[in-house]
Amino acid sequence: MDTEHLPIGCIVVGVDAAQPTAWALDWAADLAALEQRHVILVHGTGSPLSVGSPWMTPGTPDPLELFADLQAAARGLLARATTRVVSRQPGLVVHQVVRTADARQALLDVSAHASTIVLGSRGRGHVLSIALGSVSEEVVGRATCPVVVIRPRHDIVEPQGVLVGTDGGPVSLPALHFAYHHASRHGLPLTVMHTVWDVVSSVLPAQVVSADEPDLALVRRALVESLAGTAAEFSEVSTRLLIGHGIPAECLLTLADSMDLVVVGHHERGLLGRLTHGSTATAILERAAVPIAVVPVSAGALAPTS
C-alpha cells in the first residue's frame, strides 16, 4: 500500500539497502503484530538536481533520469522489505512511502503521529557509522516518539529482559512507561536502575548494587515512590531495582549487553536548553550491542491498542 493518508499510531521503519535494515524489519514486524499496529516503510531518495545546473558538463547524465532510476530502485527496495515483513508476520498492513527528501526529514515527516520509529545498526561503533549514517543521530535527537535502534547480537548470552535508567524525577516517566509497557507486552522482567553520582564516584569504575542493600534504604524508598504509579499500572511485571554509583551511562553499560532492550530518555533540542541524548543516550547507542530505545521526555504514555 502506498498512500499519503497514513493512520495514526503506526510503527515506522527506515529502509535502506544495508543488512541492518533486515534486523529492524523483523523487530518492527514482531512489535506490530503484538500491538496490532500498521507498519510504514520509509525511504528518502533525496531531492532531484536542478536541470541545467552550471556545474553540469556535456555527457553528464540527465538528473531527472537519474532521479527516476532512484525512485524505481526505492520502490523495488520497499517491495522487498514488505515481502520480508509479511512473510514474518502474515496479516500485517504495510504502507510504503518514498519521499523526495533527505532520509532524515522523510522519517521525521512520516513519523509525526507514529507510535515508534525503528532503525537498523551495524553494531558497535559511533552512532554515525550505523546503517542510515547520521540519519539515526538526527532522528533520535528530533523525534517526538520513541526511536528504537536495532543492533545485531553476536553472543549466545540468554537476554535478561528490559533495562531502563531513571533519575527518579518526572522527566524519566516516559522512558519508564515505555519500558514497563514493553516488558509487559513481551512477558519480560524489568530492571530499573537509578544512578547516584558524586565527585568520588565519577572518577571510579562504575558500580551497580541491589537497591536492597541496608545502607541504601533512603535511596530505595525514594526510587520506589517515583515508580509507584507506573509500577501499579503494570503490576504483572517482575521488577528488579538497582542503584548505580558513577556516571549514568557507564552504570547502564555494565548490564546493557545482557538485556533484550535498553531504554533511556532524552530531552528534545531546545527543551530547557539541553540535550540529554548528547550524553547518556548517545553513549549507550555508541557502545551497547543490543536494541536501544530512546524515548523523548515529551512522549506521551503508550496506551495499548485494542
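Tutor: A residue is called exposed when its relative accessible area is over 50%, and buried when that area is under 20%. Between these two limits a residue is partly exposed. Please keep in mind that the model shown is predicted.

Student: Is Q36 buried or exposed?

Tutor: Q36 lies in the loop between α1 (20–35) and β2 (39–44). Its phi is positive, about 55°, although Q36 is not a glycine. Exposed residues have a relative accessible area over 50%. Because the relative accessibility of Q36 is 54%, this residue counts as exposed.

Student: What percentage of the residues of the chain count as buried?

Tutor: The chain exposes about 14000 Å², and carbon and sulfur atoms supply 57% of that area. With buried taken as under 20% relative accessible area, the share of buried residues among the 306 of the chain is 50%.

Student: Among contacts with a separation of 6 or more, what share is made by residues 24 or more positions apart?

Tutor: A contact requires heavy atoms within 4.5 Å. Of the contacts in the chain with a separation of 6 or more, the share made by residues 24 or more positions apart is 80%.

Student: How far apart are the C-alpha atoms of T45 and A101?

Tutor: T45 is placed in the loop between β2 and α2 (63–88), and because its relative accessibility is 16%, it counts as buried. Leaving out residues up to four places away in sequence, T45 touches F67, L70, Q71, A74, V98, R99, T100 and A101. T45 and A101 are 56 residues apart along the chain, yet their C-alpha atoms are separated by 6.0 Å.

Student: In which strand is H194 found?

Tutor: H194 counts as buried, at 15% relative accessibility. Not counting residues up to four places away in sequence, H194 touches T166, D167, G168, V219, L223, L242, I243 and G244. The strand in which H194 is found, residues 190–196, is β7.

Student: At what angle do helices α8 and α9 pack?

Tutor: The crossing of α8 and α9 is right-handed. From α8 (residues 248–256) the contact uses P248, A249, E250, L252 and L253, and from α9 (residues 280–287) it uses T280, A283, I284 and R287. By class, the contact has six nonpolar, one polar and two charged residues. The axes of the two helices are 9 Å apart, and the packing angle is about 35°.

Student: Which residues of α9 are buried?

Tutor: Helix α9 is mostly covered, with six of its eight residues buried. These buried residues are T280, A281, T282, A283, I284 and L285.

Student: Against which elements do the buried residues of α8 pack?

Tutor: The buried residues of α8 are A249, C251, L252, L253 and A256. They pack against β6 (162–166), β7, β8 (207–210), β9 (239–245), β10 (261–266) and α9.

Student: What is the relative accessible area of I292?

Tutor: I292 is found in strand β11 (residues 292–296). Its contacts, leaving aside neighbours within four places in sequence, include V147, V148, V149, I284 and L285. I292 and V263 are 29 residues apart in sequence and 5.9 Å apart in space, C-alpha to C-alpha. I292 is buried, because its relative accessible area is 0%.

Student: How many disulfides does the structure hold?

Tutor: C10 counts as buried at 1% relative accessibility, and C145 is buried with a relative accessible area of 5%. A disulfide needs a pair of cysteine sulfur atoms within 2.5 Å. The number of disulfides in the structure is zero.

Definitions and conventions. Residues numbered from 1 in each chain as written. Predicted model: local features only at pLDDT ≥ 70, side-chain atom pairs only at ≥ 80, totals over all residues. Heavy atoms only, no water. Buried < 20%, exposed > 50% of the residue type's maximum accessible area, 1.4 Å probe, protein only. Helix = DSSP H or I, 4+ residues; strand = E, 2+ residues; numbered from the N terminus. Areas by Shrake-Rupley, 256 points an atom, 1.4 Å probe, with all protein chains shown as cover. Axes fitted to C-alpha atoms, helices over the stretch in contact; angles between N-to-C directions. Left-handed = near helix turned anticlockwise from the far one by under 90°. Nonpolar A, V, L, I, M, F, W, Y, C, P; charged D, E, K, R; others polar.
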